[in-house]
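Could you walk me through this model in the viewer, telling me what to select at each stop and what I will find there?

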Amino acid sequence: MENLKLVCIRCKKEAPGGSLLFDGCPSCKQEGYNVNFTTNWQYTHFEEKQSKKWPFKGKYMWKYKELLPIAKEIAPITLKEGETPFIHIKRLGEYLRLPNLYIKDESRNPTWSYKDRLCSVAVTRAVQVKAEVITISSTGNHGASTAAYAAAANLPCVIFTLPQVPDTMKTLMQSYGAYVIATPTPSERWDIMRKCVKEFNWYPVSGYVSPPIGSNPYGIDGYKTISFEIMEELNITPDFVAVPAAYSDGLYGIWKGFKELQELGIIKSVPRMVASEVYGSLKKSLEEQSTYPVEVPMEHWSKSFSIASAKGAYQGLAALLESNGMAEVSNDQETMEMQRLLASYEGIYAEAASVTSLVALSKLREAGKINENDTVVSIITSSGLKDPASTSESLPKIEVINPEIDELSKVLERSYGYKL
């Protein structure tokens with residue numbers, strides 16, 4: 001890895017040494033801003049050998065290792081993540097008046113979410129720096145993925161979560177051997193995690209500062225590979241790419257991937273990014289032309305709990321501003337209806353937070369901000385099997401019947417509106 005360094009996303013200053021790099025940029029903090037770092041290095045060796053043809057060969061995510069922040073001699077901690085299905089969803093696209101609608105189905109990763117891309121890189125980086133313990137604060141997918149990759153690396157993993165997180169998520173985290181602890185509030189889990197990072201030198205995969213800045217900046221580069229795979233499959237740059245967003249690790253990482261492909265001369269244009277949110281911090285920030293994310297009220301618990309944040313991270317706003325992007329919100333009713341439509345039209349059962357990207361695209365199309373002929377991509381971040389209880393709340397009760405046609409007919413019509 002030549003000339004690798006971390007720079008502030010906002011002020012572009014280089015990161016100081018030590019654990020400060022996980023606290024965000026100290027220069028911006030003095031100005032009252034919490035901002036994450038991002039990786040930056042010169043791709044001299046890569047540029048010299050590339051041709052005009054697609055330069056990546058091999059399988060899965062680590063075929064892009066030359067563009068990931070890991071030393072050449074370090075073997076990746078991998079569970080064969082990446083190379084997820086890229087699908088033209090025609091029936092749902094027709095219903096939403098988006099005939100060129102595609103999804104990147106990240107539920108097909110090893111732990112059923114796109115967090116595997118981040119965690120594979122972050123845990124590999126932890127091995128590179130000889131970390132002894134992995135730690136994270138998480139409400140589910142990120143924690144489960146971190147636990148799995150820590151197990152693959154043979155490293156202890158301590159996860160701080162919240163009591164109201166679904167039991168399925170907690171079970172997943174523990175099943176991989178992680179030590180899972182809950183705190184009463186989100187800020188308290190960050191407090192104890194920060195103390196452990198400072199006192200015991202544990203290696204953090206997520207962020208732990210407030211206001212949030214995002215996750216481990218090395219790990220976020222794992223999301224660049226989603227952009228690489230989209231371009232490999234589609235062969236043209238999409239007009240819009242929608243990503244569920246709270247602290248915007250995925251939104252920023254995917255945007256960064258498109259930017260790097262353009263900088264390397266592999267693609268000529270980049271897409272506009274779309275953030276799908278619950279409460280709308282980034283949406284309001286754009287509306288107010290704010291240069292820093294604004295805080296919005298959290299009036300209710302959301303079924304899209306993994307992206308339910310009162311304040312977005314600067315890296316997400318940066319991705320939208322740099323790409324001339326947009327943001328849109330999704331409430332529980334809209335989200336669960338879209339979950340049902342995606343499953344019943346296309347056979348894909350996605351987590352609630354995942355389908356907010358489809359809700360956002362649908363609402364922007366309805367508002368005339370996306371045109372009918374635009375090529376749009378929705379990132380489906382995780383499987384619905386992570387929280388089936390939320391789905392079951394909106395489904396009819398399964399009735400027990402005697403094996404008689406008349407009885408079957410009545411139940412089918414009563415429960416499902418289907419007439420024999």
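Start by selecting helix α9, residues 224-234, in this predicted model. Show its surroundings as well: the buried residues of α9 pack against β3 (86-88), β4 (101-105), α4 (115-128), α8, α10 (249-263) and β12 (376-380). How many of the eleven residues of this helix are buried? Nine of them are, and the helix is mostly covered. To colour them, pick K224, T225, I226, S227, F228, E229, I230, M231 and L234. Then step just past the end of α9 to N235, where phi is positive, at about 70°.

Together with K104, E106 and R117, E229 belongs to a network of salt bridges. Within that group, zoom in on E106 and R117, whose side chains meet in a salt bridge with an N to O distance of 2.6 Å. The two come from distant parts of the chain, eleven residues apart: E106 sits in the loop between β4 and α4, while R117 is in helix α4. Are E106 and R117 buried or exposed? Both of these residues are buried.

Now select D105 and R108. They form another salt bridge, with the closest N and O atoms 2.9 Å apart. The two partners differ in cover. D105 has a relative accessible area of 1%, so it is buried. R108 reaches 52% relative accessibility, so it counts as exposed.

Side chains of opposite charge can pair when their charged atoms come close. The structure holds 21 salt bridges, and one more is worth a visit: select D23 and K198, where the closest N and O atoms are 2.5 Å apart. Why does this pair tie together parts that are 175 residues apart in sequence? Because D23 lies in the loop between β1 (5-8) and α1 (26-30), whereas K198 lies in helix α7, residues 186-200. With a relative accessibility of 12%, D23 counts as buried, and K198, at 39%, counts as partly exposed.

Next, show the cysteine sulfurs. How many disulfides does the structure hold? The count is zero. Select C8 and C28 to see one example: C8 is in no disulfide, and the nearest cysteine sulfur, that of C28, is 3.6 Å away. A disulfide needs the two sulfurs within 2.5 Å. C8 has a relative accessibility of 1%, so it counts as buried. Then turn to C25, which is also in no disulfide. For C25, the nearest cysteine sulfur is that of C11, at 3.7 Å. C25 counts as buried because its relative accessibility is 2%.

The next selection is S206, in the loop between β8 (203-204) and α8 (217-220). Draw a distance from its side chain to the backbone nitrogen of S137, and you will find 2.9 Å. S206 has a relative accessible area of 7%, so it is buried. To see what surrounds S206, leave out residues up to four places away in sequence and show those that it touches: T135, I136, S137, H142, M193, G214, S215 and N216.

From there, move to F240 in strand β9, residues 240-244. F240 counts as buried because its relative accessibility is 4%.

Finish on the surface. Select I398, I401, I405, L408, Y416, Y418 and L420, which form a nonpolar patch with about 760 Å² of accessible area together. Zoom in on one of its members, I405, which lies in helix α16, residues 405-416. Is I405 buried or exposed? Its relative accessibility is 60%, so I405 counts as exposed.

Terms used: Residues are numbered from 1 along each chain as its sequence is written. This is a predicted model: local features need pLDDT of at least 70, side-chain atom pairs count only at pLDDT 80 or more; totals for chains, interfaces and linings use all residues. Side-chain values use heavy atoms; hydrogens and water are left out. Buried means under 20% relative accessible area, exposed over 50%, partly exposed in between (1.4 Å probe, protein chains only). Patches are made of residues with over 30% relative accessible area and no salt bridge: like charges are joined within 9 Å, nonpolar side chains (Val, Leu, Ile, Met, Phe, Trp, Tyr) within 5 Å. Accessible areas come from the Shrake-Rupley method with a 1.4 Å probe; for residues, only the protein chains shown count as cover. A salt bridge is a side-chain nitrogen of Lys or Arg within 4 Å of a carboxyl oxygen of Asp or Glu. Helices (H or I, at least four residues) and strands (E, at least two) are DSSP runs, numbered from the N terminus. A polar contact is a pair of N or O atoms within 3.5 Å; within protein, one must be able to donate a hydrogen and the other to accept it, and residues adjacent in sequence count only if both atoms are side-chain atoms. Contact means heavy atoms within 4.5 Å.
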